[in-house]
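Have the sequence and the model open as you read.

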Amino acid sequence: MNIDKQIREGVQCLKNGGIVGFPTETVFGLGAKADDVDAVAKVYSVKSRPQGHPLILHLSKLDEASDWVEEIPRAAHKLAKAFWPGPLTLVLKAKSNVANHFSGNLETIAIRVPSHSIARALIIGLGSGIVAPSANRFGRLSPTSASDVFEELGGKVDLIIEAESCSIGIESTIVDLTEDRPVILRPGIIDQEKISMVLGEDVVERVSKTNKAPGSHPVHYAPNTPLTIVYRDQLEKFLHKDTNGLSVAVLGRSIRPQFSGAAVWQVAPTDSLPYAKNLYSLLRRLDNSGCELIAVEEPPYSGEWMAVHDRLKKSSIPKMALLEFIRNVKDKKLKNIHHGTNK
Ligand code: TXA
Ligand code: MG
């Protein structure tokens, strides 16, 4: 369908209290009009998202933030000038009571000005901010295409805007500006170095487990199939020995070796930006391949890969759980052979 028509329908739907799946440059969001308490409640229920998890408010420019926040600090002006519109979210101190229905009882509010033309057209057409989490069920991979949104939420969404897939592919960087020093709560394509450079000070990433960004759970962004990250030089042993005959789908960094032992081998892009752009769609493909396990060949560790590492870590299961999973699948197969079902 024609894009302008879809945008008009999207705006109308949001005005009428509907929820809309729409593209941003990072991932697809599930939007509701920010001051529509019922529509926002629907976003939580459709995603099965716990109430304590705050949502990001999407605006068309920084000035609009003054309706929602106490003050716009200097650091916010600097970062907005450098990176907005774009894949950066800023956490600021909220005005009291304006955002209770989506701020998870925090006294802060996360704000982002997306650059995607459709996201911008929706916000401008609506004449109001849009709150939007990623348009996936709680704890699953973020969608990067309209068909992913359909796969995740299907008929529960009032409208899904069909558009090109997202150019960045992983969620925005989140920077908290409410404390003495700026802190990165979620790494993204706009990395620590770029943020530090613009602010003229060293900005750290929050490592503590006390959750400043609820929703940054240890396992988040997860496929249905258990996922593990394997060092390149251990991959062959892993596939031939450790997995005990399980069917494994590999997200490899190089072409498939001749006797790989993998059931499916998907080659990922070599550079960090195209890797990030394709990461969720490739994981979705491997998740749907029918294999019992996904193994991701570990990417490099230089700065530009940190956001990818963060998402892979949050998609993977802990080592002990992996060993138990492999043992259980094997036991089940043995039992089935015993009972003559052999499947
Ligand atoms: O790229 C993105 O940011 C995408 C697109 C759709 O804009 N949105 C997104 O939303 O990733 P969501 O809801 O899936 O993740 C938002 C993250 C959550 O981890 C949430 O806890 C955190 O932002 N967050 C929201 N408000 C916050 C606040 N006031 N303080 C700290 N963290 C906050
Ligand atoms: Mg999300």
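Helix 1 (residues 3–15) and helix 4 (residues 117–126) have axes that come within 9 Å and cross at roughly 45 degrees. Helices here are DSSP runs of H or I with at least four residues, strands are runs of E with at least two, and both are numbered from the N terminus. The axes are lines fitted to C-alpha atoms, for helices over the stretch in contact, with angles from 0 to 180 degrees between N-to-C directions. Angles under 35 degrees count as roughly parallel, over 145 as roughly antiparallel, 65 to 115 as roughly perpendicular and the rest as oblique, so helix 1 and helix 4 are oblique to each other.

Which residues of helix 1 and helix 4 meet? Ile3, Ile7, Gly10, Val11, Leu14 and Lys15 of helix 1 meet Ile118, Ala121, Leu122, Gly125 and Leu126 of helix 4, where contact means heavy atoms within 4.5 Å. The residues of this contact divide into eight nonpolar, two polar and one charged; Ala, Val, Leu, Ile, Met, Phe, Trp, Tyr, Cys and Pro count as nonpolar, Asp, Glu, Lys and Arg as charged, and the others, Gly among them, as polar.

A word on the source: this is a predicted model, in which local features need pLDDT of at least 70 and side-chain atom pairs count only at pLDDT 80 or more, while totals for chains, interfaces and linings use all residues. Residues are numbered from 1 along each chain as its sequence is written, chains are lettered from A and ligands numbered from 1 in the order in which they are written, and side-chain values use heavy atoms, leaving out hydrogens and water.

Now to the core. The largest nonpolar core has 46 residues, and Phe102 and Ile195 have the most contacts inside it. Such a core is a set of buried Ala, Val, Leu, Ile, Met, Phe, Trp, Tyr and Cys residues joined through side-chain atoms within 4.5 Å. Its largest share, five residues, comes from helix 2. Beyond four places in sequence, the contacts of Phe102 include Val40, Tyr44, Trp68 and Ile109.

Finally, two single residues. Glycine 31 is found in strand 2 and is buried, with a relative accessible area of 0%; buried means under 20%, exposed over 50%, and partly exposed in between (1.4 Å probe, protein chains only). Histidine 116, in the loop between strand 5 and helix 4, also counts as buried at 15% relative accessibility. Beyond four places in sequence, histidine 116 is in contact with Pro23, Thr24 and Glu25.
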